[in-house]
Amino acid sequence: MKRRFAAASTLLALVLGFGTLPAAATPSGTSPASTTALAAPDISVTAVRAHLDELSAAASRNGGNRRSTSQGYRDSVAYVKGKLQAAGYTVTEQPCTSGCTSGAGPNLIAEWPRGDANSVYMFGAHLDGVSAGPGMNDNGSGSAALLENALTLARENPDMRNRVRFAWWTDEEQGLNGSYFYARTLSSTDRAKIKAYYNFDMVASLNGGYFINHITSAAAAPMKAYWDSLGLQPEENTEGAGRSDDYSFERYGIPTSGYAMGASARKTSAQAAKWGGTSGSAYDPCYHRACDTLSNINTTGLDRAADGIAYTLWQQAVGTGGGGGTCDPADVVGNGGFESGTAPWTGTTAVIAAHTGRTAHGGTRFAWLGGNGSTSTESLSQTVTVPADCTRASLVFWLQIETAESGSRAYDTFTVRVNGSTLATWSNVHAGGGWVQRSADLSAYAGQTVTVTFTATEDYSLQTGFLLDDVSLQSA
């Protein structure tokens, strides 16, 4: 994970040795996640640890680190590439020709050549480390878990609905440079094919917690479902926001999620009570330090992350039909970015414009509902048909809430309704943080033509503006 600020780490009184913790329990019970998870393979944490051994050896041979400009990094690339090629992948080394540190090694991209090539789910981790140490948790852990998932997919060779692409990024520690080069040099057509990007950065922190990027988003749903099935009660990854390679994709409006177990921030007493570990101490006591070695690995967390990646991959991309599938949510929502006038939206369409003083999430136009500071109701509606084969469908959109209200009482609200039934509500209480991806589950409406309505309602004073952009239907 890229450092935003310097922070001293506190060594844990309890040191959990590499390989000494029990493997994660197999999900049990009757929750939907635990029953459907049986379709995904169990990822061998022993195999993941073997990959970590090789990355550690690459650092040891080359001055003790795997910085993007070092031979340790290039040896890491060679190891991952060799394993993927032996498994049948066509692997591409992508040189970072602009924006990266001089001398940085390449990105490594591998795509499993089955499934719908126009519907791609990406899974990525940065392969480089800092110069201070070998970088086993940051980010050997994410890289190794991702590699074993790719190898398992090749061995299982299941029928595929969608395409899966894996990436190991260069120069993340110097500013997310490798992933940003990749994302910005894609054509707009190729970007549109990426339905979600999943990032794995530090998934074996010794004193870690269980964190998910954009935990309430549609993209995060399978990741959360798996960890929920283990009773982990995961939380939003606030520490990692904007600090790892998922941000490179967010900048282009691509939905993102991912697992993390924490860096230099300190575990709260409530988290220690829930997850174990030491409150008041850093999630990773060796973050960006020489001691980020094989002894700095939480095996249980690593196992749970690796299995959750597999569950997510199987949920999003694996299925019968050899890569066909008829669930095509693309273009179900018309003019979702509000760039083409107002049609087919109906209601208070005057709220759609290129508003002065505010920046759209994508393009130049968006809908600004509310913000009047007086009793008012404004709404936008559209009739859509949810494809019958989209057994999992979500209305996904970006929402920015700004308010003059204060306190924890909901005075002004933003509601999502389908055929008049409320699916989700936000309010002035949720203001701040800029554009945030939100979603509402439409799975129950598969095969139906429905009217989706966004409504902002304000009370008599103190404005709350609800800014809406980039509305789409996604099969996740």
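**The annotated stretch and its surroundings**

Tutor: Let's take residues 107-312, which an unreviewed UniProt entry annotates as "domain: Peptidase M28". UniProt positions are given here in the numbering of this model, feature names are shortened, and such annotations may be inferred rather than shown by experiment. The model is predicted, so local features need pLDDT of at least 70 and side-chain atom pairs count only at pLDDT 80 or more, while totals for chains, interfaces and linings use all residues. Residues are numbered from 1 along each chain as its sequence is written, and side-chain values use heavy atoms, with hydrogens and water left out.

Over residues 107-312 the chain is 34% helix and 20% strand, and its end C-alpha atoms lie 23 Å apart. Helices (H or I, at least four residues) and strands (E, at least two) are DSSP runs numbered from the N terminus.

Eight strands form an open sheet with mixed pairing, in the order 1-2-4-3-5-8-6-7. Its edges are strand 1 (90-94) and strand 7 (235-236), each of which pairs on one side only; two strands pair if DSSP finds at least two bridges between them. Strand 5 (residues 194-200) and strand 8 (residues 256-260) run parallel and share four bridges. Tyr197 is placed opposite Thr256 of strand 8.

Helix 3 (residues 71-86) lies across strand 1, strand 2 (107-112) and strand 4, at about 10 degrees to strand 2. Helix 5 (residues 177-185) lies across strands 1, 2, 3 (116-126) and 4, and makes an angle of about 55 degrees with strand 2. The axes behind these angles are lines fitted to C-alpha atoms, for helices over the stretch in contact, and angles run from 0 to 180 degrees between N-to-C directions.

Now for the packing. In soluble globular proteins, nonpolar side chains tend to be buried together. Here the largest nonpolar core has 64 residues, and those with the most contacts inside it are Leu84, Tyr89, Phe123, Phe166, Trp168 and Tyr259. Such a core is a set of buried Ala, Val, Leu, Ile, Met, Phe, Trp, Tyr and Cys residues joined through side-chain atoms within 4.5 Å. Buried means under 20% relative accessible area, exposed over 50%, and partly exposed in between (1.4 Å probe, protein chains only). Beyond its neighbours within four places in sequence, Leu84 is in contact (heavy atoms within 4.5 Å) with Tyr89, Val91, Leu108, Ala110, Leu147, Ala150, Leu151 and Trp168.

Asp138 and Asn139 are joined by a cis peptide bond, with omega about 0 degrees, and Asn139 belongs to helix 4 (residues 136-156). In the loop between helix 4 and strand 4 (162-169) comes Asn157, which has a positive phi of about 45 degrees although it is not a glycine. Asn157 counts as partly exposed because its relative accessibility is 39%. Setting aside residues up to four places away in sequence, Asn157 touches Trp112 and Arg114. Between the C-alpha atoms of Asn157 and Trp227, which are 70 residues apart along the chain, the separation is 25 Å.

Finally, the disulfides, of which the structure holds two. A disulfide is a covalent bond between the sulfur atoms of two cysteines, taken here as a pair of cysteine sulfur atoms within 2.5 Å. Cys286 and Cys291 are linked this way, with their sulfur atoms 2.1 Å apart. Their link is left-handed, at -115 degrees about the S-S bond. Cys286 counts as buried because its relative accessibility is 6%, whereas Cys291 is partly exposed because its value is 27%. The other link, from Cys96 to Cys100, has an S to S distance of 2.0 Å and is right-handed, with 85 degrees about the S-S bond. Both Cys96 and Cys100 are buried.
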